[in-house]
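Please keep the sequence and the structure in view while reading.

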Amino acid sequence: MTEVFDVLRSPLPWYVAGPLIGLTVPLLLWLGNKGFGISANLRHVCAILLPERAKPGFFRYDWRAERWNLMFAAGLILGGFIAGALLANPQSTPLSSAGVQSVQALGVQVRPGLVPTELTDLSNPGVWVLLAVSGLLVGFGTRYGGGCTSGHAITGLSTLQGPSLIATVSFFAGGILSANLLLPLLMAVIR
Amino acid sequence: MTRTSNIPGVHAPVSSRRAATGLLLYLLAGLYFGVVLVKSEAASWYRIQEMFRFESFHMFGLMGSAVLTGMITTAWLRRSSVNSWDGQAIRITDKEKGWRRYVFGGLTFGVGWGLAGICPGPLFVLLGAGVWPILIVLVFALLGTYLYGVLKDRLPH
C-alpha cells in the first residue's frame, strides 16, 4: 500500500506528462468544440462580479455561455487539491545542479513544495509587492495577448495558429527578461 | 406535441440534463489537467525558474511533447468523421489576425510569469493545493483583467 502511495506522490517524467497535457486539446474539442484556455476565466469572473452599470463593454457578454470554462477552472482547483495537497510529493523538485545554484543565488532554498516559502511569506511586505505586480501583469497581459500558456502555447501551436506562435515567443521573451534581470533585482531588495 | 426546446429560455428536460452532464465532464477534464500540472511539475516555481534560465530540458521536453501530441491528435480528429460529444462537427476557431496585441500582451504576461513563476493554470492549481498567498496573485490578476477591459480601445491591437 505504501508503495502505491509512493508512486502516486512522485512526479511524472516529461515524456509521459507532456503527451498527457497535449491530449487536453483534442479532449476539449471532442467534448464540445472548446478551445482550451484558462485565462479567459479571469474575464468571466470580472463579468460576474462587476455591477452592470460599472461594466466596460469588454465585460458585457453572456458569461453563462462560458460556464464550461469556469467548471474547467473548478476542476483545476480540485486537481490541485488531490495532487498538490493530498498526494504532495515529499521530495523537492529534482532541479539540475545549475538550477539549484540559480535558485539559491536568489536567496531561495530548494525544499519540498510547489512554491518556495520565501515567496509565500506574507510577513515580508516585499512578497506582497512581488505577488501583486506579477498578478497584475498576468491578468492584463493574458487578456491583451488573448491567451496564456494553455491557450496559445499548447492549443494555438497544436492547431497551427500563426498568432499563437508570435504570442508564445513573446511570453518567453518576457519571462526570460524578468526571471534573469528583474527577479534577481527584486529579490535582492525584498529578502 | 409542441417542441418546447424552440422557445428561448425553455429547454426540454433531456437537454438540460445533458447540459449538466456536459458541465460535469468539463470539471473532470479540469481535474485531469490539474493533476497533470502538478505531477509534471509545470506548477512548480522551481521548474519555471530553471526553464527561463535554460538550465534543464524538463519544461522544454514537456511543452514540446505536449504540442506535438496536440498537433497529431487534433489533425487526426479533424480528418476523422468523429463528431463532438454534443453532436457537432469538429471545428477549430482561428485566432484573430494581427501581431501587435500578441507581442505587447505576450511580453506583459511573460514578465509577470517570470516574476512569480505563475501562469493562469497553475494559479488555480496552487489554490487547490492550499498555497493561500496565491490569492494575492488572483486578486491582482482580476484587477489587471479589469484594467485591460477599461483601456482596451486605447491600446494597439
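## The contact between the chains

Counting as contact any heavy atoms within 4.5 Å, the interface draws 125 residues from chain A and 108 residues from chain B. The buried area, meaning the accessible area (1.4 Å probe) that two parts lose on being put together, summed over both, is about 10200 Å², with 77% of it coming from carbon and sulfur atoms. On the side of chain A, the residues that lose the most area to chain B are A:Trp14, A:Leu114 and A:Tyr144, which together account for 8% of what that side buries.

This is a predicted model in which local features need pLDDT of at least 70 and side-chain atom pairs count only at pLDDT 80 or more, while totals for chains, interfaces and linings use all residues. Residues are numbered from 1 along each chain as its sequence is written, chains are lettered from A and ligands numbered from 1 in the order in which they are written, and side-chain values use heavy atoms, with hydrogens and water left out.

The side of chain A that touches chain B consists of 79 nonpolar, 40 polar and six charged residues, where Ala, Val, Leu, Ile, Met, Phe, Trp, Tyr, Cys and Pro count as nonpolar, Asp, Glu, Lys and Arg as charged, and the others, Gly among them, as polar.

## The largest pocket

A pocket here is an open set of points on a 1 Å grid over the protein atoms alone, where a 1.4 Å probe fits, with protein on both sides within 12 Å along at least five of seven lines; lining residues have an atom within 4 Å of a point. The largest pocket holds about 930 Å³ of space, a volume being the space filled by probe spheres set on the points, which are joined across faces, edges and corners. It is lined by 38 residues, of which A:Gly35, A:Ala40, A:Arg143, A:Gly146 and B:Lys95 are the closest to its centre. By class, this lining has 12 nonpolar, 16 polar and 10 charged residues.

## The second largest pocket

The second largest pocket has a volume of about 360 Å³, and among its 18 lining residues A:Lys34, B:Ala19, B:Leu23, B:Tyr26 and B:Asp86 are the closest to its centre. Its lining divides into nine nonpolar, three polar and six charged residues.
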